[in-house]
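Subject: Structure handover

Hello,

Here is the structure for your files. My notes on what was found follow below it.

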Amino acid sequence: MGDQKIIGKERGAVFGGETAWDHLNTILSKIQPSRLFVLTDENTRTHCLPYFIKKIPIAQDAEVLSMPAGESHKNITTCQQLWQELSSKGADRKSLLINLGGGVVTDLGGFVASTFQRGIEFINVPTSLLAMVDASVGGKNGVDLGMLKNQVGIIRNPKAVILDTAFLETLPQAHFNSGITEMIKHGLIHSEAYLRKVMEIHKSQVDDLVWESVLIKNEVVSKDPTEQGLRKTLNYGHTLGHAIESFRLRSGAYKTLLHGEAVAVGLILANYLSHRLFGFPKSVLDASATYLIGIFGKEHFGGNEIEEIIKLLIFDKKNTDGKVQFVLLEKVGAHRLNCEVEDKLIHESFEFYKNF
Ligand SMILES: NC(=O)c1ccc[n+]([C@@H]2O[C@H](COP(=O)([O-])OP(=O)(O)OC[C@H]3O[C@@H](n4cnc5c(N)ncnc54)[C@H](O)[C@@H]3O)[C@@H](O)[C@H]2O)c1
Ligand SMILES: [Zn+2]
């Protein structure tokens with residue numbers, strides 16, 4: 001990942017580039033945890049743990065905790081098992097948990113660490129593209145409640161985040177694409193130049209694009225860590241995206257979607273709403289829809305699925321006073337917060353998607 005790359009000096013600092021692992025080794029010798037725990041899922045245990053141990057030799061003696069892979073395990077039952085395991089394996093308040101995995105592992109592991117004995121230190125080592133550019137950075141941790149996404153959680157930064165794109169070599173293509181969605185989101189809310197670069201992505205340039213995405217996310221989060229306003233822009237495309245993801249998780253009848261797949265649809269719908277309400281440019285609406293549908297194909301929303309998805313919007317965490325509030329854009333990088341949107345227009349956005 002090129003030269004030394006560091007964002008931040010304190011809690012939540014992100015280390016990339018060639019020296020990232022040196023920094024982790026230094027942090028470990030500085031904090032001298034009483035016990036070291038590494039959380040993986042079944043895939044990252046196989047594909048990422050051996051490389052991780054090569055980079056961090058003392059992890060050879062770490063206690064490895066494993067969870068089943070996938071969003072359906074991002075729940076309190078998995079947390080309970082891990083709290084129990086930490087407890088039975090002698091974790092104390094000076095123990096350290098390293099989350100080695102995708103966004104499910106970093107979201108859930110951060111929550112487990114932040115609540116175990118009222119909070120032990122944790123470090124994120126993201127292994128999926130989505131976790132590198134988004135989930136592992138910014139301090140949001142949590143789990144799903146039934147079908148509702150991220151309803152239980154806490155904002156607390158990891159001690160550090162270590163980025164190494166070498167992990168991506170074993171990441172399945174569908175999950176790689178899922179990460180691209182969040183990079184497109186960063187482009188839409190922040191910079192047309194970055195948006196264009198991501199749409200022309202070549203895997204050979206992924207290092208720089210990942211770093212640029214993290215810089216964008218970090219800039220937003222550091223200006224508004226507790227999500228009073230600006231940070232809501234990181235939720236662009238997620239109001240409908242999460243509702244689609246939740247609905248598909250719950251309903252056995254339809255194909256489930258990866259987070260990034262659902263948010264890709266959510267971004268197209270949000271761009272359409274932005275276009276209709278605030279004149280978001282048709283050229284960007286079309287270019288990003290072409291790009292995202294090119295990667296993911298088109299989802300079919302049948303029967304009364306759209307009605308059900310709209311019903312789920314009421315659980316969105318940005319809502320106040322029971323009103324659904326969208327983040328929309330006037331143009332790339334120019335947002336409008338707390339927008340109310342009529343159901344009729346949401347149906348129209350699905351029509352646009354269907355006919356595109
Ligand atoms: N906290 C935040 O701010 C934030 C932001 C965005 C997304 N998220 C959350 O992130 C989650 C999605 O993250 P994700 O897409 O990384 O999902 P994930 O953790 O399920 O990882 C995707 C899949 O890839 C596998 N995998 C990961 N790294 C691998 C590697 N290097 N080689 C082989 N296989 C690998 C995993 O085992 C899993 O099967 C969602 O739960 C979403 O809500 C959180
Ligand atoms: Zn997301």
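Which residues are the closest to ligand 1? They are Asn43, Gly102, Gly103, Val104 and Ser128, out of 31 residues that surround ligand 1 (a residue counts as near if its C-beta atom, placed from the backbone, lies within 6 Å of the molecule).

Some conventions before the rest. This is a predicted model, in which local features need pLDDT of at least 70 and side-chain atom pairs count only at pLDDT 80 or more, while totals for chains, interfaces and linings use all residues. Residues are numbered from 1 along each chain as its sequence is written, chains are lettered from A and ligands are numbered from 1 in the order in which they are written.

Ligand shell. At least two residues each come from helix H2 (42–47), helix H5 (103–115), H6, E8 and helix H7 (173–190); helices (H or I, at least four residues) and strands (E, at least two) are DSSP runs, numbered from the N terminus. By type, the shell around ligand 1 has nine nonpolar, 15 polar and seven charged residues. Here Ala, Val, Leu, Ile, Met, Phe, Trp, Tyr, Cys and Pro count as nonpolar, Asp, Glu, Lys and Arg as charged, and the others, Gly among them, as polar. Domain 1 (5–171) and domain 2 (174–355) each supply at least three residues of this shell; the domain bounds come from an automatic or database domain assignment.

Domains. The centres of domain 1 and domain 2, taken over C-alpha atoms, are 26 Å apart. In domain 1, 23 residues are in contact with 25 residues of domain 2, contact meaning C-beta atoms, placed from the backbone, within 7 Å. On the domain 1 side, strand E1 (5–7), strand E2 (13–16), helix H6 (129–135) and strand E8 (148–155) give two or more residues. H6 gives the largest share, five residues. That side holds 13 nonpolar, six polar and four charged residues.

Beyond its neighbours within four places in sequence, Ile162 is in contact with Phe15, Ala20, Trp21, Leu24, Ile123 and Val125.

Helix H7. Of its 18 residues, 14 are buried (20 or more other C-beta atoms within 10 Å of the residue's own, all placed from the backbone).

Regards

Notes:
Two residues are in contact if their C-beta atoms, placed from the backbone, lie within 7 Å. A residue is buried if 20 or more other C-beta atoms lie within 10 Å of its own, exposed if 12 or fewer, and partly exposed in between; C-beta atoms are placed from the backbone.
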